[in-house]
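Visitor: I'd like to learn how to read salt bridges in a protein model. Could you walk me through it?

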Amino acid sequence: IATLPILAITDRALAATTLQLRFGSNIECIEINLNEIKLPESIPSLCILDILNGERARLIDAQIKQHYPNCPIIRMVALQDLKVMRDQLTNNDQQIFIPRPLRRKLLINAAEQLLAPESIAPIERRSSPRIQQNLEILLVEDNPINQRVATLILQKLGCVVTVAGNG
């Protein structure tokens with residue numbers, strides 16, 4: 001990722017500076033003031049869109065998709081908008097939404113997932129652990145509230161619990 005050409009489009013100077021500091025010199029930042037922007041002719045490997053106004057972000061997102069049809073996009077959104085935005089994605093969208101404030105690791109993971117999806121194993125859904133029914137557990141805990149909570153959880157999983165208040 002450090003060597004790939006990345007285009008970042010933002011409506012805040014501070015965001016542009018932060019992205020360049022975190023990703024380095026391979027990032028070209030465009031700071032916008034209007035809905036219409038002039039996109040560079042060179043095709044980036046990845047676009048990062050960090051626009052506060054949701055309607056403006058949708059307009060610019062459409063311009064990016066028209067100008068660079070195969071370029072994946074990372075959209076930075078407010079945390080409270082994250083679920084709504086993810087629900088709007090279709091299967092053929094090459095787009096990932098990540099929450100603000102910017103976290104380097106989250107941004108790098110999103111970029112890697114978009115740029116090399118075949119090399120990343122699909123996320124497995126975690127299910128409840130499978131525990132042998134009637135498994136006998138000795139729970140050693142001195143706090144009575146923790147004893148009760150742990151006992152209820154273990155019993156719900158089908159275990160037989162014996163509690164010891166101290167070692």
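Predicted model: local features only at pLDDT ≥ 70, side-chain atom pairs only at ≥ 80, totals over all residues.

Visitor: How many salt bridges does a search of the whole structure find?

Guide: It finds 3. For the pairing itself, you look for a side-chain nitrogen of Lys or Arg within 4 Å of a carboxyl oxygen of Asp or Glu. Take Glu 55 and Arg 58, whose side chains meet at 3.3 Å, N to O.

Visitor: How are Glu 55 and Arg 58 separated in helix 2?

Guide: They sit 3 residues apart in helix 2 (residues 54-67), so about one helical turn lies between them.

Visitor: Which residue does Lys 65 meet in a salt bridge?

Guide: Asp 61, with 3.1 Å from N to O. Both belong to helix 2, 4 residues apart, about one turn of the helix. Lys 65 is partly exposed at 34%, whereas Asp 61 is buried at 7%.

Visitor: What about Asp 50, where is its partner?

Guide: Asp 50 pairs with Arg 100, their closest N and O atoms 2.7 Å apart. This one links distant parts of the chain: Asp 50 is in strand 3 (residues 46-50), while Arg 100 lies 50 residues away in the loop between strand 5 (95-99) and helix 4 (104-115). Both residues are buried.

Conventions:
Residues numbered from 1 in each chain as written. Heavy atoms only, no water. Helix = DSSP H or I, 4+ residues; strand = E, 2+ residues; numbered from the N terminus. Buried < 20%, exposed > 50% of the residue type's maximum accessible area, 1.4 Å probe, protein only.
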